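Me: I am new to reading structures, and I would like a close look at the places where the ligands sit. Could you walk me through what surrounds each of them?

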Amino acid sequence: MRIVVNIEKCTGCGQCVESCPFTSIEIKDGKAFINEYCQLCRACLSVCPEGAIIEILEEGDAVETDLSAYKGVWIFAEQREGMAAPVAYELLGAGRRLANELKTGLSAVLLGSNEEQAKELIKWGADKVYHCNDAIFDKFNDEPYSQMLVNLIRTHKPEIVLAGATPIGRSFIPRVAARVRTGLTADCTALEIDKDSGNLLQIRPAFGGNIMATILCPNHRPQIATVRPRVMKRGEYDEGRKGGIVPVSASGITCRTKVLDTIKEASECMVNLQEAEVIVAGGRGLGKPEGFKMLEELAELLGGAVGASRAAVDEGWVAYSHQVGQTGKTVCPKIYIACGISGAVQHLVGMQSSDIIIAINKNPEAPIFDVATYGIAGDVYEVVPLLIKKLKEAKA
Amino acid sequence: MNIIVCVKQVPDTSEVRINPETNTLIREGVPSIINPYDLHAVEAALQIKEKTGAKVTVITMGPPQAEDALREAISMGADDVRLISDRAFAGADTWATSHALYKAIEKLGYDIILCGKQAIDGDTAQVGPEVAEFLNIPHIAYIRKIEDVGDKTIKVQRLMDDGYDVVESTLPVLLTVVKELNTPRLPSLKGKMAAKKAVITKMDMNAIGAEAGNVGLKGSPTQVKNIFAPQSKVDRKMIEGSVEEQVEALIRELRGLKCV
Ligand SMILES: Cc1cc2nc3c(=O)[nH]c(=O)nc-3n(C[C@H](O)[C@H](O)[C@H](O)COP(=O)(O)OP(=O)(O)OC[C@H]3O[C@@H](n4cnc5c(N)ncnc54)[C@H](O)[C@@H]3O)c2cc1C
Ligand SMILES: Nc1ncnc2c1ncn2[C@@H]1O[C@H](COP(=O)(O)O)[C@@H](O)[C@H]1O
């Protein structure tokens, strides 16, 4: 496919120039000219008032592959020290929904770990678990993980494969996509099925969270995506769910890297923040480090943890380990209370899938109110102390 | 020893905003920079060079303007550069980008390949590992420290969610690096002079020996369907009244949620 300008029709009005997200259109000699920055995103097609920008199909555009041979939704269940990671259960939740919509099955791939964990995956929604308990998978190494998954994909031909956008998933899944010659969409925050084509719509932030993009992989299978942890909801746990465990062999798998040592460094706060049911977060609006003392008190009353915007961290009022957002943690508590946070996209991407968002901000126009379940336009130093007082009274 | 560093020229995303009416990026006046993570990759290469006398070649795939990124790399101390550029490369996703880089790297010879953790425009972090797979060499992602570079092996620290792993690999190897690894140096005066004078060698599709079906848009399995502004507006549910009333109402809601 190519995007071209019909010079006859083009009036050189320049509207397309502004519409282009990649600054790939210039006006040359009074006509629009598309340079090599063009990413074929089609944004300009609809803005041209003259209909002068058109899309031309070229030979070889429609690749003939038998896509119908690929069936079923797979999730990769990563494990650390034998335990399936929480993201595996979130993927089962997302995968179940997609499988139901496509009227197909849901399978999990578990490399390393034990049969107990494989059974757990079934209770959380898998119909089938491909399990290889070879010791080569105990520690994470990219080559054996990718070789094994490639083998399984080639043999069983799933149509969709999801993995966690964790250091593990984001490291070895690209090798799998390169090898089976298919598309891979990184760090998705939403997944849907296109009603007409049945293709997977993979939605993800780009440009540092400033825009969202919908990515398709129309002519290759499987469609592979890594999915941001703590964004998808877990499926239903069902003690009685039945499923099959398919043991697979690691014969022929090789490895040229070796994990010599594993060092744990997780700070307590990090763990708290990501597991907390309630997070009380503060931003620049607190104005001073003492504001966080107040938030700590509120968090303690609600049995929660303290989060922060980058601005508050940059001011030095609170440690980086508390930062929520693009360059901090992604959290998904039941309740997120944002105090004096404006709601910049980079902050929102880290917390907007919280169940309930309560925003307290002086400025009634602050963007944080757009994502809030409940908003209070007011001063944190009036609202929060009163809230603390009343909660204490209620407890007494 | 030959070290290859892959760098990408990107728009400075901290200055990119979206136009809410048209759902497109406003890139007016947004400067192009070397992807910040890639500067750390260049620095790591230069440090290995200082220890072992390795040769550092910096490559980029991009439009002719990406030459600026290569000149900057020379000013930091790179020995050689290649601009991998061809109209046929336009519209490449990570598969087609890595394929072109792999074809070029194969022509150059390598012991260590360094990439940034991810590019700040697409944030995919996929190109490094994909290049390694095409070359059929091991890779280690998210390197925060290079402990030891030997003749046949390398020992590094790989950042994980809950700490780090110490990993050893045979050479050749591809590493992707995070910011904690080092502090990129500033160009020296001598470097700047060299950068100005340098003749930038280009490699087009023929030079790297790639097929049209494997590069650019044609070689890309993924397509960008559309882009849009991040947040969907919901109805603002403001709690009105005096502070007292607001707090009372909030506590009622919290009770309803069994949180109090
Ligand atoms: C690449 C990149 C990555 C980033 N990553 C992150 C990230 O991970 N996390 C993150 O949070 N940010 C991140 N940012 C920064 C982000 O763009 C914002 O700058 C930041 O989130 C703003 O923090 P804030 O809301 O606390 O401060 P401000 O935007 O200054 O907002 C303060 C708010 O407090 C309100 N206020 C002031 N006084 C009071 C009062 N007494 N009572 C009530 N309200 C009051 C004001 O009305 C205002 O809305 C990133 C930016 C970039 C470019
Ligand atoms: N066009 C390119 N030219 C050279 N290197 C690239 C290119 N695209 C990506 N890279 C390298 O791959 C890394 C990851 O990029 P990405 O997968 O786009 O996030 C970058 O930090 C670069 O080192």
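Reply: Here is a walk through the surroundings of the two ligands, one after the other.

Before we start, please keep in mind that this is a predicted model, in which local features need pLDDT of at least 70, side-chain atom pairs count only at pLDDT 80 or more, and totals for chains, interfaces and linings use all residues. Residues are numbered from 1 along each chain as its sequence is written, chains are lettered from A and ligands numbered from 1 in the order in which they are written, and side-chain values use heavy atoms, with hydrogens and water left out.

Let's begin with ligand 1, which lies between chains A and B. Around ligand 1 there are 25 residues, where a residue counts as near if one of its heavy atoms lies within 4 Å of the molecule. The closest are Ser309(A), Thr327(A), Ser342(A), Gln346(A) and Asn361(A). Sorted by class, this shell has five nonpolar, 16 polar and four charged residues. In this sorting, Ala, Val, Leu, Ile, Met, Phe, Trp, Tyr, Cys and Pro count as nonpolar, Asp, Glu, Lys and Arg as charged, and the others, Gly among them, as polar.

Now look at the backbone. A backbone N or O atom of Gly340(A) lies 3.1 Å from an oxygen atom of ligand 1, and one of Gly328(A) lies 3.2 Å from an oxygen atom of the ligand. For Lys362(A), a backbone N or O atom is 3.0 Å from a nitrogen atom of ligand 1. Taken alone, ligand 1 exposes 990 Å², and the protein buries 80% of that; such areas come from the Shrake-Rupley method with a 1.4 Å probe. The elements that give two or more residues to this shell are helix H8 (310-314) and helix H9 (345-348) of chain A. Helices (H or I, at least four residues) and strands (E, at least two) are DSSP runs, numbered from the N terminus.

Next comes ligand 2, with 18 residues around it, of which Cys6(B), Asp38(B), Ala119(B), Thr124(B) and Ala125(B) come nearest. By class, nine are nonpolar, seven polar and two charged. Strand S6 (55-61), helix H3 (94-108) and strand S8 (112-116) of chain B each supply at least two residues of the shell, and S6(B) gives the most, with three residues.

Gln126(B) has a backbone N or O atom 2.9 Å from an oxygen atom of ligand 2, and Val127(B) likewise has one 2.9 Å from an oxygen atom of the ligand. Taken alone, ligand 2 exposes 480 Å², of which the protein buries 97%.

Terms used. A polar contact is a pair of N or O atoms within 3.5 Å; within protein, one must be able to donate a hydrogen and the other to accept it, and residues adjacent in sequence count only if both atoms are side-chain atoms.
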